[in-house]
Amino acid sequence: MFDWLIVGAGFAGSVLAERIASQRHESVLLVDRRGHIGGNAYDCYNEAGILIHRYGPHIFHTNSQAIVEYLSQFTEWRPYEHRVLAAVDGKLVPIPINLDTINRLYGLNLTSTQLEDFFASRRETVEDVRTAEDVVVSTVGRELYEKFFRGYTRKQWGVDPSQLSKSVTARVPTRTNRDDRYFNDSFQKMPAGGYTRMFERMLDHPNIKILLQTDFREIREKIPFRRLVYTGPIDEYFGWQLGHLPYRSLRFEHVTLDREQFQPVAVVNYPQTEDYTRITEYKHLTGQQSSRTSLTYEYPSDIGDPYYPVPRAENEALYKLYEARSATCPDVWFVGRLATYRYYNMDQVVGQALAAFSRIQKSVPGPPMAELAVSSPAYRT
């Protein structure tokens with residue numbers, strides 16, 4: 001009998017497995033249908049000896065010192081500030097849109113103050129900002145919306161931005177200075193040994209057993225456990241009884257080239273004509289030195305593993321029905337992007353998992369002290 005069964009070995013499941021094992025000294029069975037830990041953040045060395053992210057680029061950034069301190073138990077960090085270019089009208093220009101973006105695109109020499117006036121002359125008045133399109137046209141106008149956002153968003157989500165929640169484009173800022181960093185968080189670094197090594201250290205505890213290539217639906221009645229943490233799609237947990245929640249997937253094409261560098265930054269976005277949304281070159285992220293380089297082309301799809309919940313009002317309404325049903329499940333915690341139908345960054349998932357652990361500590365009695373003394377070795381970092 002396991003004290004806890006945790007479904008999903010990504011950030012949410014792994015953080016909770018580590019906390020429960022090391023702080024509550026209880027037994028955990030961590031299962032994942034994939035053949036590896038780390039979820040979508042999984043990285044590995046390919047045949048060329050280059051560290052790649054199998055499921056597309058994952059760049060860690062946060063403003064939470066508590067999350068940094070927690071993860072720093074399991075990794076050292078490599079300094080890295082993410083910069084992205086967009087291929088627009090035959091030019092590579094910074095994204096998010098900043099002063100250099102506009103000056104290069106239009107052959108201008110504006111100052112920051114003049115750029116404010118530039119945006120003001122082009123933005124549209126939107127009385128009720130509700131959609132992804134509303135956010136952009138009310139900020140920078142329709143021409144830049146068409147160049148940078150509409151095509152990319154349609155490829156990424158499979159629907160027009162006018163049909164998506166404003167949260168989609170609200171994530172991307174617009175700047176009037178020359179700051180070309182994709183994120184402006186106070187902490188922007190990469191795990192020095194990679195994400196998989198960080199997860200290995202996190203899960204290296206005698207109270208944690210890991211079962212990979214295992215579908216929860218096939219074992220839930222076969223393996224005894226007292227309590228459950230579920231990080232998969234919430235509609236799948238309930239057998240899709242209320243209907244299927246839409247998720248967006250991705251197809252990845254991994255390529256290795258016999259050249260030292262392919263592009264000037266780690267990620268180049270393609271918002272206009274190409275079928276793929278972006279190309280990632282991993283050596284920029286990892287700092288590896290090699291005469292060869294590895295790339296990933298990303299193709300959004302409706303088919304495949306669920307990656308992103310689709311932010312539309314009708315989908316949120318269906319999720320709320322599942323959420324209400326989940327509240328009636330004793331001793332089951334739903335945590336993570338898929339289980340709570342939210343488009344979270346990695347640090348947000350870690351924060352959600354730590355918050356869930358705090359709730360567990362308050363609501364679930366721990367094992368007797370005598371049992372701790374017998375069966376719970378101290379955690380080794």
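Which residues does UniProt list for "domain: UDP-galactopyranose mutase C-terminal"? The UniProt record, an unreviewed entry, gives residues 147-343. Keep in mind that this is a predicted model.

**Stop 1: the annotated stretch.** Select residues 147-343. Over this stretch the chain is 25% helix and 24% strand. Now pick the C-alpha atoms at its two ends. They lie 24 Å apart.

**Stop 2: two helices.** Select helix 3, residues 99-106, and helix 6, residues 142-157. Their axes come within 14 Å. They cross at roughly 95°. Angles of 65 to 115 degrees count as roughly perpendicular, so helix 3 is roughly perpendicular to helix 6.

**Stop 3: where they touch.** Show side chains on both helices. From helix 3, select Thr101, Ile102, Leu105 and Tyr106. From helix 6, select Glu143, Leu144, Lys147 and Phe148. These residues make the contact. Colour them by class: five are nonpolar, one is polar and two are charged.

**Stop 4: glutamate 143.** Stay on helix 6 and centre on glutamate 143, which is found there. Is this residue buried, partly exposed or exposed? Its relative accessible area is 41%.

Stop 5: The side chains of glutamate 143 and tyrosine 106 are joined by a polar contact of 3.2 Å. Both residues also belong to the contact between helix 3 and helix 6.

**Stop 6: along the chain.** Finish at threonine 169. It is 26 residues from glutamate 143 in sequence.

Definitions and conventions. Residues numbered from 1 in each chain as written. Predicted model: local features only at pLDDT ≥ 70, side-chain atom pairs only at ≥ 80, totals over all residues. Heavy atoms only, no water. Axes fitted to C-alpha atoms, helices over the stretch in contact; angles between N-to-C directions. Helix = DSSP H or I, 4+ residues; strand = E, 2+ residues; numbered from the N terminus. Parallel < 35°, antiparallel > 145°, perpendicular 65-115°, else oblique. Contact = heavy atoms within 4.5 Å. Nonpolar A, V, L, I, M, F, W, Y, C, P; charged D, E, K, R; others polar. Buried < 20%, exposed > 50% of the residue type's maximum accessible area, 1.4 Å probe, protein only. Polar contact = N/O pair within 3.5 Å; in protein donor to acceptor, adjacent residues only side chain to side chain. UniProt positions renumbered as here; feature names shortened; annotations may be inferred.
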